[in-house]
Structures are given as C-alpha cells and as structure tokens.
Amino acid sequence: GEIATLASAEELARTADEEAEQQLRTLAERVQQARRTLDSSSQRLHAAQVEALKLSEAQARFEDKAARIAQAVIRLLENDAANALNEDTSDALRELESLACHMLEHALDALAQADLNQAIAVFETEARLYRSAEKLQQRLLTAVSTERPATMLADLIVINHALERLGNHGASIAEQTVYVVRGDDVRYRNRELLIDALRHGE
C-alpha cells in the first residue's frame, strides 16, 4: 500500500512538474511575443517620426513652389498677359493644376490616415501629371517669339515646372505612407508593379 501511495505521489509530482514547465514555456512565449510587438511598435513609431520630419521639410518645398507660382501669376497679371493665353494653353494649365492638387491632397490624406488606397490613387495619377507637364512645356517652347513675349513664356514655364514638382512631392509623400504602413521602401519600384502589389496586399 505504501509503495502504491509513493508511486502515485511521484506520478502527481511528475505531472505537476510537466504542467509547470508547460506554463513556463507558455509564459516565455508570451514574453517573447510582447517583446516583438514592442519592437515592432517602436520601429513604426520611429518610422512615423522620421516621415513626419520629412513631411515638415516637404512643406517648406511646397511653400517655395506656391510662392514661385504666385510671383509668376502676379507678373502675368501686371502685364495683362493672362488674357493673352490661348484656349489650348489655358486648358493645359488648368489640367496640370488639377492633377497636381489631386496628388498633393490625396497624398497628405494618405499619410494622415495611413491609407494605402489614397496612396495608390496618387501613384495612378503620376503618369498623367508628367504627360500633362511635358505637353504644356512643348507647347510653350514652340511658341517662343511667335505668339508671346519671352518674359511671359518664362513665367509660364516657371508655373509649369512648379506645378509638376508639387505633384511629384505628392508622389514622394505617398511613398512615405507605404513605408510607414508596411515598412517597405518603394521609391525605386516600377509604378505599375507597385500599384498591383499594393492592391493585392503583396
């Protein structure tokens, strides 16, 4: 009877040890998971802080481009040159302005809301922006000394370049959004492949 009791006690002790070991392993796994989560959160926070600094620097560039556009427009108005624009040039300017503003607005919303869909919308517009800017640039260059004074053309070229750069800054912010949300540096990724990968969560 004593031997059976002793064996039973040893079995209970062994079972208790195994349960304790299992609980310790489970606890250790939870601690490791908590550490990984904390590390990931810290990395994301650092990334967000870095991107916030970049956004602050980008804001200064936005202001510079906006100031250049305003100065050029003032000169055009002072010389009554705005009324001299033909319909094609006016339409091209409006198209470029619309695309640049669209990209910048969606990019800022994307970063503020960590919204990849809005970042995708920016990337999808990028090629149209560059085509629009190139089309306007060629139209202005072919008009030198035939349709408009050189000073007027210079101001229009400044506006064209500044609008294109504003849209380009929007694309850069969209890239920063992808980095903050997913941790991926996509600055040099092919845009079509990038859009497809983001849509499919790759």
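Ser132 touches Ala92, Glu95, Leu96 and Leu99, leaving aside residues up to four places away in sequence. This comes from a predicted model. Ser132 belongs to helix 3. Its relative accessible area is 3%, so Ser132 is buried, the cut-off for buried being under 20%.

**The chain as a whole**

The protein chain has five helices and zero strands. Along the sequence, the pattern reads α-α-α-α-α. Of the 202 residues in the protein chain, 32% are buried, and Ser132 is one of the buried residues. Among contacts in the protein chain with a separation of 6 or more, 77% are between residues 24 or more positions apart.

**Two helix pairs**

Two packed helices are described by the angle between their axes and the distance between the axes.

| Pair | Angle | Axes | Crossing |
|---|---|---|---|
| Helix 3 (residues 116-142) and helix 4 (residues 150-182) | about 160° | 9 Å apart | left-handed |
| Helix 4 and helix 5 (residues 191-199) | roughly 40° | within 13 Å | left-handed |

Helix 3 and helix 4 pack at an angle of about 160°. Angles over 145 degrees count as roughly antiparallel, and helix 3 and helix 4 are therefore roughly antiparallel to each other. The residues of their contact comprise 18 nonpolar, six polar and four charged.

How are helix 4 and helix 5 oriented to each other? Their axes cross at roughly 40°, and the two helices are therefore oblique to each other. By class, the contact of helix 4 with helix 5 has four nonpolar, no polar and three charged residues. On the helix 4 side, the residues are Ala171, Glu175, Val178 and Arg182. On the helix 5 side, they are Arg191, Ala197 and Leu198.

**A residue in helix 4**

Arg165 lies in helix 4. Is Arg165 buried, partly exposed or exposed? Its relative accessibility is 29%, so Arg165 counts as partly exposed; that class runs between the cut-offs of 20% and 50%. The side chain of Arg165 is joined to the side chain of Asn168 by a polar contact of 2.7 Å.

Which residue lies 104 residues from Arg165 along the chain, with 9.2 Å between the C-alpha atoms? That residue is Arg61.

Technical notes. Residues are numbered from 1 along each chain as its sequence is written. This is a predicted model: local features need pLDDT of at least 70, side-chain atom pairs count only at pLDDT 80 or more; totals for chains, interfaces and linings use all residues. Side-chain values use heavy atoms; hydrogens and water are left out. Axes are lines fitted to C-alpha atoms, for helices over the stretch in contact, and angles run from 0 to 180 degrees between N-to-C directions. Helices (H or I, at least four residues) and strands (E, at least two) are DSSP runs, numbered from the N terminus. Angles under 35 degrees count as roughly parallel, over 145 as roughly antiparallel, 65 to 115 as roughly perpendicular and the rest as oblique. A crossing is left-handed if the near helix is turned anticlockwise from the far one by less than a right angle, and right-handed if clockwise. Ala, Val, Leu, Ile, Met, Phe, Trp, Tyr, Cys and Pro count as nonpolar, Asp, Glu, Lys and Arg as charged, and the others, Gly among them, as polar. Buried means under 20% relative accessible area, exposed over 50%, partly exposed in between (1.4 Å probe, protein chains only). Contact means heavy atoms within 4.5 Å. A polar contact is a pair of N or O atoms within 3.5 Å; within protein, one must be able to donate a hydrogen and the other to accept it, and residues adjacent in sequence count only if both atoms are side-chain atoms.
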